[in-house]
Number of protein chains: 2
Amino acid sequence: MNIGQAAEASGVSAKMIRYYESIGLVPKPVRTEAGYRVYSDKDVHTLRFIRRARDLGFSVEQIADLLSLWQDRARASKDVKRVALEHVETLERKIAELQEMAGTLKHLAKTCHGDNRPDCPIIESLASDDAASAPPRAAPKFGALGR
Amino acid sequence: MNIGQAAEASGVSAKMIRYYESIGLVPKPVRTEAGYRVYSDKDVHTLRFIRRARDLGFSVEQIADLLSLWQDRARASKDVKRVALEHVETLERKIAELQEMAGTLKHLAKTCHGDNRPDCPIIESLASDDAASAPPRAAPKFGALGR
DNA sequence: CTTGACCTTCCCATCATTGGAAGGCCCACA
DNA sequence: TGTGGGCCTTCCAATGATGGGAAGGTCAAG
């Protein structure tokens, strides 16, 4: 089958299939004489695996790990579990971070009248001179979760 | 003061200060004869405002809104509140999404022995043939929260 | 044989941020 | 006065995963 059908069947866009091929996540498929990529049901199966892993927020790098574990019939389940639990930790760190943001904002919004007057604790907090939560900047390095 | 000192004082890197200038988020500062950017305490104040807003996960676009509201002494607090609450909603949608991922994974991990045997419900779930949660893909469009 | 749907490659944009190269400037110290 | 090191400047590139689109080739149905 062609790339469009493989995309349809797997839920991974043709664009992404080519991208995954370019970074070596999936093998280069056979080509027709005209250069069209040809996919088998097995390839579609792999692509669906990838899509499910992406839906769970795994990075492409982690998915490469999971794929090789999947294909390794002698794998130890603890290795898979480790990848999964590490990812859970990352997710939970991110969740906590977002919850802190949302919590702060909700608190500020609650004390804001929300009428036509200019007084607004939200703006005041952003503009305040106190040095609360200054330079120490840790970079969560966690950009690619939401697609 | 020079850009390095403004960066130090505001908690925004010199790189980012130049970037914010390039996209028009902050005004072009005065320059010395040699071309060095010169910042005032007021500029640093603005930069700190920006950094706090970034820490709360606001996008640059939202920060532009907040900055103009800040500088508008006749602003209505409801306008600020609206921006804040819209952002809270976005955060909460993202949180729910991550929680769903984490929940699924924790559930799968719980049923995974985690020993040296290959049997692993995590992998099996990723590889399963059932068509659960297929194509309908909504794109959360929410990449830039974690720095 | 044409039309339209598909395929190919290649480049660009996103979003916020960092890194680095190449070159100019400034100050303190010898 | 020279020089070294630490600033500053601009410009270009990369990140991660994805989408958009152009220019051109291919295929199948009419």
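This is a predicted model: local features need pLDDT of at least 70, side-chain atom pairs count only at pLDDT 80 or more; totals for chains, interfaces and linings use all residues.
Chain A contains six helices and two strands. Read from the N terminus, its elements follow the order α-α-β-β-α-α-α-α. Of the 147 residues in chain A, 34% are buried. Among the contacts in chain A with a separation of 6 or more, 47% join residues 24 or more positions apart.

The largest nonpolar core comprises 32 residues, and those with the most contacts inside it are Ala53(A), Leu66(A), Val80(A), Ala84(A), Leu105(B) and Ile122(B). Two or more residues of this core come from each of α1, α3 (41-55), α4 (60-71) and α5 (77-110) of chain A, and likewise from α5 (77-110) and α6 (121-127) of chain B. The greatest contribution is that of α5(B), which gives six residues. When neighbours within four places in sequence are set aside, Ala53(A) contacts Phe58(A), Ile63(A) and Leu66(A), as well as Leu126(B).

Helix α3 of chain B spans residues 41-55. At 1.5 Å a residue, its 15 residues should span 21 Å, and the end C-alpha atoms are 21 Å apart, in agreement with that expectation. The helix α3(B) is mostly covered, with eleven of its 15 residues buried. Among the buried residues are the nonpolar Val44(B), Leu47(B), Phe49(B), Ile50(B) and Ala53(B), and also the charged Asp43(B), Arg48(B), Arg51(B), Arg52(B) and Arg54(B). The buried residues of α3(B) pack against α1, α2 and α4 (60-71) of chain B and against α6 (121-127) of chain A. Following α3(B) is Gly57(B), which has a positive phi near 85°.

Both DNA strands are surrounded by residues of chains A and B. Around DNA strand D there are 23 residues, of which Ala34(A), Val60(A), Asn2(B), Gly4(B) and Arg37(B) are the closest. At least two residues of this surface are supplied by each of α2 (14-22) of chain A and α1 (3-10) and α2 (14-22) of chain B. By class, the surface near DNA strand D holds eight nonpolar, nine polar and six charged residues.

DNA strand C also has 23 residues around it, and Asn2(A), Gly4(A), Arg37(A), Ala34(B) and Ser59(B) come nearest. Here α1 (3-10) and α2 of chain A and α2 of chain B each supply at least two residues of the surface. The surface near DNA strand C divides into nine nonpolar, eight polar and six charged residues.

Note on methods. Residues are numbered from 1 along each chain as its sequence is written. Chains are lettered from A and ligands numbered from 1 in the order in which they are written. A residue is near a molecule or strand if its C-beta atom, placed from the backbone, lies within 6 Å of it. Helices (H or I, at least four residues) and strands (E, at least two) are DSSP runs, numbered from the N terminus. A nonpolar core is a set of buried Ala, Val, Leu, Ile, Met, Phe, Trp, Tyr and Cys residues joined through C-beta atoms within 7 Å. A residue is buried if 20 or more other C-beta atoms lie within 10 Å of its own, exposed if 12 or fewer, and partly exposed in between; C-beta atoms are placed from the backbone. Two residues are in contact if their C-beta atoms, placed from the backbone, lie within 7 Å. The expected span of a helix is 1.5 Å times one less than its number of residues.
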